[in-house]
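Please consult the sequence and the structure shown below while reading.

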Amino acid sequence: MKSKNLGINTICTHVGEVEDKQFKGAISPLYMSSSYAYEDVDVKRYPRYFNTPNQEALCKKIAMLEKCEAALIFGSGMAAVSTTMLAFLHKGDHVVLPQTLYGGTYNFVVEEFHKFGIEYAFAKGFSETDFSEKIQKNTKVIFVETPSNPLMRITDLEMISKLAKQRGIVTMIDNTFASPVNQTPTDFGIDIMIHSATKYMGGHSDILAGAVAASEEHIKQIWNLAKNLGGSLSDYTVWLLERSMKTMVLRVKAQNKNAKKMAKWLEKHPLVEKVYYPGLKSHPEYELAKKQMNGYTGMLSFEINESLNVGNFLKALKMIKPSMSLAGVESTILSPAKTSHALLSAEERKRQNISDGLLRFSVGIEEVEDIIADLEGAFKMVSKMEKI
Ligand SMILES: *Cc1c(COP(=O)(O)O)cnc(C)c1O
């Protein structure tokens, strides 16, 4: 399957299969070998060289999904993020990033970059000025994350790529929240797409993995460092990820649909103060999201009334699990103030609009009526408790 014009579901199901020449099985055989012959072969295969049969095959699927020439799969999303950034940033270089970043990426930047002599600046907001005012002569990379975590703010990808191209800066996006189903950043000129495949690509809360897609040339540059850092993924997990990705579009579209219904339902709820979802007209970047996204994702955030106790609300849920991760087929929920943003001061949280009543909601594929019933039950139980 090589054609560039395949539909996204066909790419997910078929592209990059390892052909079972021996037994003609219907799915990719799994090659767990960590050692391959080196005589009379063109390619020296080794799992840490990112080139076993299963690794190479899955990379083709991911590259085609992101409309790129090449891809690499990593042992975690953070292995993908860190290796990619370090491949393009040397001593004395500078990178511009958004203020609201995935916690692991933020920690990587502030805890590690000074050791390498890499400079960085965080844009104050999401506008062109917010980014352009941070660009310096030595800026080599602009890194964005859109939709952002947890308030689902949207950054204009075309604006970012124009800013960067004029100055010869490389652009990177953490495309995890959107997944390749909901956003194709290459269409807007972004150079390098990074995923935590732990999330929508895996989709079942049982795989830790990462991926990067870009041009042949950029992937070569990342590979040169990746083979030295050694963040490759076990072939068994590569094989599981291939299996998961066959149904990615079906899952993500079901999650998009449920999340939109939930966002509308929550927006009307008397005990909900605010809903953050790019698919709502009330979202500050609704028009931009409509322009650059194919769907609005299964992620949303909402603020419950301050008279309600967040801990009690989460405990009152029967089906929706309080959980750190996201994007599984099951609905999960998390309090950013208590988890991902707990280390920030109360003032800093307030500045970033992360209130104590804010909940980040990863909407699953359950029947939407059952998700509503679970939330409504919790609202009823907790509001009764507060009255006592
Ligand atoms: C989870 C996540 C990561 C990190 O991925 P891991 O697989 O946990 O290493 C990076 N970016 C975003 C947006 C994430 O949600």
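## Ligand site

An oxygen atom of the ligand has a polar side-chain atom of Ser 196 at 2.9 Å. The ligand has 380 Å² of accessible area on its own, and the protein covers 93% of that area; accessible areas come from the Shrake-Rupley method with a 1.4 Å probe, and for residues only the protein chains shown count as cover. The model is predicted: local features need pLDDT of at least 70 and side-chain atom pairs count only at pLDDT 80 or more, while totals for chains, interfaces and linings use all residues. Residues are numbered from 1 along each chain as its sequence is written, and side-chain values use heavy atoms, with hydrogens and water left out.

A polar backbone atom of Gly 77 is 2.9 Å from an oxygen atom of the ligand, and a polar backbone atom of Met 78 is 2.8 Å from an oxygen atom of the ligand. A polar contact is a pair of N or O atoms within 3.5 Å; within protein, one must be able to donate a hydrogen and the other to accept it, and residues adjacent in sequence count only if both atoms are side-chain atoms. There are 13 residues around the ligand, and those that come nearest are Gly 77, Met 78, Asp 174, Thr 198 and Lys 199; a residue is near a molecule or strand if one of its heavy atoms lies within 4 Å of it. The shell comprises five nonpolar, five polar and three charged residues. In this classification Ala, Val, Leu, Ile, Met, Phe, Trp, Tyr, Cys and Pro count as nonpolar, Asp, Glu, Lys and Arg as charged, and the others, Gly among them, as polar.

Strand β7 spans residues 210-214, and five of its five residues are buried. Buried means under 20% relative accessible area, exposed over 50%, and partly exposed in between (1.4 Å probe, protein chains only). Helices (H or I, at least four residues) and strands (E, at least two) are DSSP runs, numbered from the N terminus. Gly 210, Val 212 and Ala 214 point one way from β7, whereas Ala 211 and Ala 213 point the other way. In a regular strand the side chains alternate between the two faces of the sheet.

Strands β1 (residues 70-74) and β7 run antiparallel and are joined by five bridges, with Ala 71 opposite Ala 213. Strand β6 (residues 192-196) is also antiparallel to β7, through four bridges, and His 195 stands opposite Ala 211. Two strands pair if DSSP finds at least two bridges between them.

Helix α6 covers residues 157-165, and its buried residues include Leu 157, Ile 160 and Leu 163. Among the elements that cover the buried residues of α6 are α5 (128-132), β4 (139-145), β5 (170-174) and α11 (286-292); contact means heavy atoms within 4.5 Å. At the start of α6, a side-chain oxygen of Asp 156 comes to within 3.1 Å of the backbone nitrogen of Glu 158.

Thr 155 belongs to the loop between β4 and α6. Why does Thr 155 count as buried? The reason is its relative accessibility of 0%. Not counting residues up to four places away in sequence, Thr 155 touches Phe 126, Phe 131, Val 144, Glu 145, Thr 146, Ile 160, Leu 288 and Gln 292.

## Thr 100 and helix α4

Thr 100 is placed in the loop between β2 (94-98) and α4. Thr 100 counts as buried because its relative accessible area is 14%. Beyond residues up to four places away in sequence, Thr 100 touches Phe 126, Ser 148, Asn 149 and Gln 352.

Glu 112 lies in helix α4 (residues 103-116) and is partly exposed because its relative accessibility is 25%.

## The five-stranded sheet

An open sheet with mixed pairing has five strands in the order β8-β9-β12-β11-β10. Its edge strands, β8 (272-276) and β10 (321-322), each pair on one side only.

Strand β12 is largely enclosed by the rest of the structure, because five of its five residues are buried. Leu 358, Arg 360 and Ser 362 point one way from β12, and Leu 359 and Phe 361 point the other way. Strand β9 (residues 299-304) is antiparallel to β12 over five bridges, and Leu 300 has Phe 361 as its bridge partner. Strand β11 (residues 332-334) pairs with β12 (residues 358-362) in the antiparallel sense over three bridges, where Ile 333 stands opposite Phe 361.
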